[in-house]
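Welcome! Let us take a walk through a protein model together, one feature at a time. Keep the picture open beside the text as you read.

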Amino acid sequence: MKLNKKDILEALKTITAPGEGQNMVDSGAVTNVVTFGDEVIVDITIKNPSLQAKKKTEVEILQTIHKEVYEKAKIKVNIKVEAPAKPVVNEIKGEPIPGIQNIVAVASGKGGVGKSTVTANLAVTLSKMGFKVGVLDADVYGPSIPIMFDVANERPLSVNIDGKSKMKPVENYGVKVLSIGFFTRPDQAVIWRGPMASKALNQMIFDADWGELDFLLLDLPPGTGDIHLSIMQAMPITGAVVVSTPQNVALADAKKGVAMFQQDSINVPVLGIIENMAYFTPAELPENKYYIFGQEGAKNLAEDLEVPFLGEVPLVQSIREAGDVGRPAALQTATPTEEAFEDITRNVVQEVVNRNKSLPATEAIKITTMAGCSAVKK
């Protein structure tokens with residue numbers, strides 16, 4: 001018997017496609033039907049990837065064609081699975097902290113890439129732009145923010161807020177700072193297991209009088225471990241910035257850092273990647289660029305991972321010297337370093353604005369000023 005394609009399609013209209021409200025022909029699940037004498041090939045695409053759904057679909061097609069068209073038909077069913085893409089959900093985790101509008105985590109896959117330096121310079125640049133800024137040094141085992149803000153010898157004061165005793169962050173350059181470094185001696189190693197470190201961080205987060213902040217920057221420790229998970233469970237992270245050098249070793253770890261934030265169980269939006277130590281420029285030859293660690297590695301990684309590239313910071317001696325003496329290089333005026341950090345900071349602010357547009361305006365993520373999106377007036 002010679003089978004007719006039209007008869008086959010009419011028969012298949014009596015079957016409902018898995019996960020569809022319509023029959024498998026009208027829903028578009030049947031993509032092709034080919035007949036050769038008493039042979040028929042049916043190509044169908046379903047959205048349910050389970051083995052049970054595929055088997056059920058194949059059996060229903062065989063039984064229906066044999067019953068409705070020709071009982072001795074030789075049938076081949078080709079099933080393709082196209083699971084629907086998961087909707088992108090920008091989640092806000094943790095309890096909102098009253099008064100803090102945006103919380104941005106600054107992370108890196110490995111140590112030594114200048115993450116704390118970038119955090120400190122982002123903070124002071126945001127402050128120069130008119131934002132209210134705080135920095136939480138979450139690098140429990142290697143706190144360096146107190147040195148970079150020239151407050152290593154300071155100690156947070158205790159203040160009474162609504163009958164509760166809270167820590168008042170140390171302030172310098174218009175930035176409020178808290179760090180575990182304020183509570184340990186300079187020569188004292190912090191030898192804590194994960195739960196103890198997490199408890200200390202929670203105290204600095206929730207038992208502190210941060211006041212009104214547009215941005216709270218979190219200087220996270222290197223890697224992907226207990227501290228990161230505790231922070232993301234406790235706080236409503238607006239987004240994360242990943243810092244890397246152009247070197248392949250650093251890029252491999254930065255890729256893991258991005259992947260951590262993008263995991264389904266974490267799902268913190270990655271605002272972008274910053275390339276630190278992008279090139280060396282000697283002070284006596286400011287136009288020269290020497291790519292010591294490779295060229296545009298972090299920029300290429302950002303393109304590969306489809307996340308924004310926020311900018312590059314040169315390897316300049318004055319940045320290191322400024323950090324060591326506790327006056328971030330971004331406080332300099334009319335220098336390439338200041339310009340680099342201003343460009344990066346504007347990009348970070350713009351990405352925060354873009355990210356917040358995809359969520360309802362809540363007190364945890366609402367931006368109160370757009371000063372950072374325009375050029376800084378000198």
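## A cavity inside

The structure holds one cavity of 30 Å³ or more. Please keep in mind that this is a predicted model. The volume of the largest cavity is about 40 Å³.

Which residues line the largest cavity? They are Thr117, Ala120, Asn121, Met148, Ile319, Gly323, Pro328 and Ala329. Helix H3 (115-128) and helix H9 (317-325) are the elements that give two or more residues to this lining. H3 gives the most, with three residues. Sorted by class, the lining has five nonpolar residues, three polar residues and no charged ones.

As a reminder, strands of a sheet pair through backbone hydrogen bonds, either parallel or antiparallel.

Ile273 has Phe309 in S13 as its bridge partner, and Phe280 stands opposite Leu315 in S13. To get from S12 to S13, the chain crosses through helix H8 (residues 297-305), and this β-α-β crossover is right-handed.

Now turn to an open sheet of three strands, in the order S1-S2-S3 and with mixed pairing. Here strand S1 (30-36) and strand S3 (74-81) stand at the edges. Each has a single partner strand, so one side of each is left without a neighbour in the sheet. Neighbouring strands of this sheet are turned against each other by 10° on average, direction ignored.

How many bridges join strand S2 (residues 39-46) and S3? The two strands pair in the parallel sense over eight bridges. In this pairing you can look for Thr45, which stands opposite Lys80 in S3. Helices pack on this sheet too. Helix H1 (residues 5-12) touches S1 and S2, and its direction makes about 140° with that of S1. Helix H2 (residues 51-68) touches S2 and S3, and its direction makes about 150° with that of S3.

## Two aspartates with positive phi

Finally, have a look at the backbone angles. Most residues other than glycine have a negative phi, and most peptide bonds are trans. Asp150 has a phi near 55°, a positive value in a residue other than glycine. You will find Asp150 in the loop between helix H4 (145-148) and strand S6 (157-161).

Where does Asp162 lie? Asp162 is in the loop between S6 and strand S7 (164-168). Its phi is positive as well, at about 50°, although Asp162 is not a glycine.

Definitions and conventions. Residues are numbered from 1 along each chain as its sequence is written. This is a predicted model: local features need pLDDT of at least 70, side-chain atom pairs count only at pLDDT 80 or more; totals for chains, interfaces and linings use all residues. Side-chain values use heavy atoms; hydrogens and water are left out. On a 1 Å grid over the protein atoms alone, a cavity is a set of points where a 1.4 Å probe fits but cannot get out, and a pocket is an open set with protein on both sides within 12 Å along at least five of seven lines; lining residues have an atom within 4 Å of a point. Grid points are joined across faces, edges and corners, and a volume is the space filled by probe spheres set on the points. Helices (H or I, at least four residues) and strands (E, at least two) are DSSP runs, numbered from the N terminus. Ala, Val, Leu, Ile, Met, Phe, Trp, Tyr, Cys and Pro count as nonpolar, Asp, Glu, Lys and Arg as charged, and the others, Gly among them, as polar. Two strands pair if DSSP finds at least two bridges between them. A crossover is right-handed if, with the strands pointing away from the viewer, the path from the first strand over the helix to the second runs clockwise. Axes are lines fitted to C-alpha atoms, for helices over the stretch in contact, and angles run from 0 to 180 degrees between N-to-C directions. Contact means heavy atoms within 4.5 Å.
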